Amino acid sequence: RKHKVDYVKGFGRIAGKGRVEVAGADGATQTLETKNIVIATGSVPADLPGVDVDEERVVTSTGALALKDVPEKLIVVGAGVIGLELGSVWRRLGADVTVVEFLDRIIPGTDAEIAGAFQKVLKKQGLKFELGHKVASVEKTRDPQYQRTSALRKARSVRWRSSGAGSGSGGGPPLCEAEGVL
């Protein structure tokens, strides 16, 4: 109310210019009239084969907001808007961030020129990109190198393989060590 915003929960549909019809959990329907409409549906993280989310070291966007310490290294799986935003935040807090994306560009579905300009900004912030690569697995390890604090007793290794044909070096898929995976 302080900012003149009303929160209405239910199933809604736009019924016309400036009108939203909302069916509440109790079945009652109300029609709201307003100048501006914001539709906030939320998001659901994608499940990836070989990646078990534990919300401790392998986290969704919700878990990334709850990390107690800044990881030394963080792998962001996927170059969508939410992962890039959180990767950028953790980079500014001091994490070494690498983004692994299956496609050959970031923020798919966005204009290529805008995506390229955005990637340049993120690179200037210090984010690293592995585009055209698929995450093959996330493996739990207990590497003493990463046992810096009691909150970081477990490290994760992220192994990805190139999604492009014939780009391997013959030594198997690249391996990247990290304390956190988003």
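In the hairpin of E2 and E3, Gly27 adopts a positive phi near 90°, and five residues lie between the strands. The model is predicted: local features need pLDDT of at least 70, side-chain atom pairs count only at pLDDT 80 or more, and totals for chains, interfaces and linings use all residues. Residues are numbered from 1 along each chain as its sequence is written, and side-chain values use heavy atoms, with hydrogens and water left out.

Strands E2 (residues 19-23) and E3 (residues 29-33) pair in the antiparallel sense over five bridges. Pairing requires at least two DSSP bridges between two strands. Glu21 has Thr31 in E3 as its bridge partner. Strands (E, at least two residues) and helices (H or I, at least four) are DSSP runs, numbered from the N terminus.

Helix H3 (residues 112-125) contains 14 residues. From first C-alpha to last, H3 reaches 20 Å, close to the 20 Å expected at 1.5 Å a residue. The expected span is 1.5 Å times one less than the number of residues. Ala115, Gln119 and Leu122 are the buried residues of H3. They cover an arc of only 65° around the axis, so they sit on the same side of H3. The arc is that of the directions from the helix axis to the C-beta atoms. Glu113, Ile114, Lys120 and Lys124 are exposed on the other side of H3. Buried means under 20% relative accessible area, exposed over 50%, and partly exposed in between (1.4 Å probe, protein chains only).

Ile14 belongs to strand E1 (residues 11-16). Ile14 is exposed, with a relative accessible area of 52%.
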